[in-house]
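Please keep the sequence and the model at hand while reading.

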Amino acid sequence: MAAKRFPPHLIDTLPRVRGRLVADAPLGPLTWFRAGGAAEVLFRPADVEDLSAFLSALDPAVPVTVIGAGSNLIVRDGGVAGVVIRLPASFARITVEADGIVAGAAALDLTVAETAAEAGRRGLAFLSGIPGTIGGAVAMNAGAYGSDTGAVLDWAELVLRDGARLRCADLATSYRRTDLPEGAIVTAARLRAPPGDRAAIAEEMAGIHTAREATQPVRARTGGSTFKNPPLGPKAWELIDRAGCRGLRLGAAQVSEKHCNFLINLGGATAAEIEALGEEVRRRVAEATGVVLEWEIRRIGRPLAAGGGP
């Protein structure tokens with residue numbers, strides 16, 4: 001019989017699930033930066049019922065963090081306390097309707113855009129330019145190429161921290177923000193997508209693909225757009241360029257030469273290096289232009305403590 005750990009690990013105190021609980025699960029490999037620490041516990045629920053039951057039985061004092069595709073995320077090197085939830089493929093189903101698409105929160109934005117295009121549904125091509133999942137797109141009102149998620153969102157299905165399930169329509173959205181209830185987890189959403197001309201939709205998708213390839217470091221270890229565009233004046237990349245930060249390096253982290261609102265991991269960068277480089281960019285931009293850039297990349301977890309431990 002295996003000896004019990006003392007004191008017990010968090011995983012030993014959690015409610016039973018039908019999905020999967022993993023202790024000390026590395027999160028770096030789940031992010032596009034390929035850097036960062038571990039989750040104290042990683043939970044992949046079997047389905048919405050499993051997620052709801054787990055949350056309703058979970059001690060309210062245990063922190064809960066939700067991650068998606070890890071495309072717009074820095075996980076700090078000291079890891080993330082509590083439970084990290086990542087929705088598996090069972091939450092990625094996509095259904096085509098007469099004038100819309102219903103997608104699970106784990107469905108990739110690109111896959112939703114491609115499914116809509118193949119079905120002759122217009123209005124969702126912009127999603128092909130957004131790395132990430134539909135859950136993240138709803139939560140942050142992700143946008144690109146002239147549209148955003150809030151402009152096409154009919155409703156979102158949510159599970160709250162107490163396990164309650166509800167469907168919300170008319171969610172208030174603003175630039176890179178959706179007003180969700182505190183602690184809510186998006187599990188599915190319906191996006192408006194009326195019938196359109198397949199050839200025209202395919203042409204729009206191809207144009208977005210070409211533009212991304214030409215202007216963004218899509219084949220690098222990156223986290224997408226690092227900073228939000230200020231509400232007035234030049235875009236974030238212009239301010240960064242004006243401050244002389246294009247190509248700036250810190251350890252193995254670098255400001256992209258191709259698009260300077262992207263940070264890249266050249267290989268072996270720590271999360272601390274990536275985040276510190278972003279903060280140095282913010283400092284230089286503020287000094288050169290007077291504009292304080294706001295992070296768009298989400299940053300979670302704890303820094304590595306002095307001496308190397310979390």
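Asn72 lies in the loop between β3 and β4 (73-75), where helices (H or I, at least four residues) and strands (E, at least two) are DSSP runs numbered from the N terminus. At 17% relative accessibility Asn72 counts as buried, the classes being buried under 20% relative accessible area, exposed over 50% and partly exposed in between, with a 1.4 Å probe and protein chains only. The model is a predicted one, in which local features need pLDDT of at least 70 and side-chain atom pairs count only at pLDDT 80 or more, whereas totals for chains, interfaces and linings use all residues. Residues are numbered from 1 along each chain as its sequence is written, and side-chain values use heavy atoms, with hydrogens and water left out.

The side chain of Asn72 reaches two backbone oxygens, that of Gly223 at 2.7 Å and that of Ser225 at 3.4 Å. Not counting residues up to four places away in sequence, Asn72 touches Met140, Gly223, Gly224, Ser225, Glu296, Ile297 and Arg298, contact meaning heavy atoms within 4.5 Å.

## The mixed sheet

An open sheet of four strands has the order β1-β2-β5-β3, with mixed pairing; two strands pair if DSSP finds at least two bridges between them. Because β1 (20-26) and β3 (64-67) stand at the edges with a single partner strand each, one side of each is left without a neighbour in the sheet. From one strand to the next the twist averages 30°, with axes being lines fitted to C-alpha atoms, for helices over the stretch in contact, and angles running from 0 to 180 degrees between N-to-C directions. Within this sheet, β2 (residues 38-44) and β5 (residues 80-86) pair in the parallel sense over four bridges, and the bridge partner of Ala39 in β5 is Val80.

## The antiparallel sheet and its helix

Strands β17 (residues 253-255) and β18 (residues 262-265) are joined in the antiparallel sense over three bridges, with Val255 standing opposite Leu263 in β18.

## Nonpolar cores

The largest nonpolar core has 51 residues, and those with the most contacts inside it are Val83, Val112, Leu124, Leu127 and Ile134; such a core is a set of buried Ala, Val, Leu, Ile, Met, Phe, Trp, Tyr and Cys residues joined through side-chain atoms within 4.5 Å. Leaving aside its neighbours within four places in sequence, Val112 is in contact with Ile94, Ile101, Ala103, Ala107, Leu124, Leu127, Ile134 and Leu191. A second, separate core of 24 residues includes Ala35, Phe227, Ala269 and Trp295.

## The chain as a whole

The chain contains six helices and 19 strands, and of its 310 residues 47% count as buried. Among contacts in the chain with a separation of 6 or more, 64% are accounted for by residues 24 or more positions apart.

Conventions:
A polar contact is a pair of N or O atoms within 3.5 Å; within protein, one must be able to donate a hydrogen and the other to accept it, and residues adjacent in sequence count only if both atoms are side-chain atoms.
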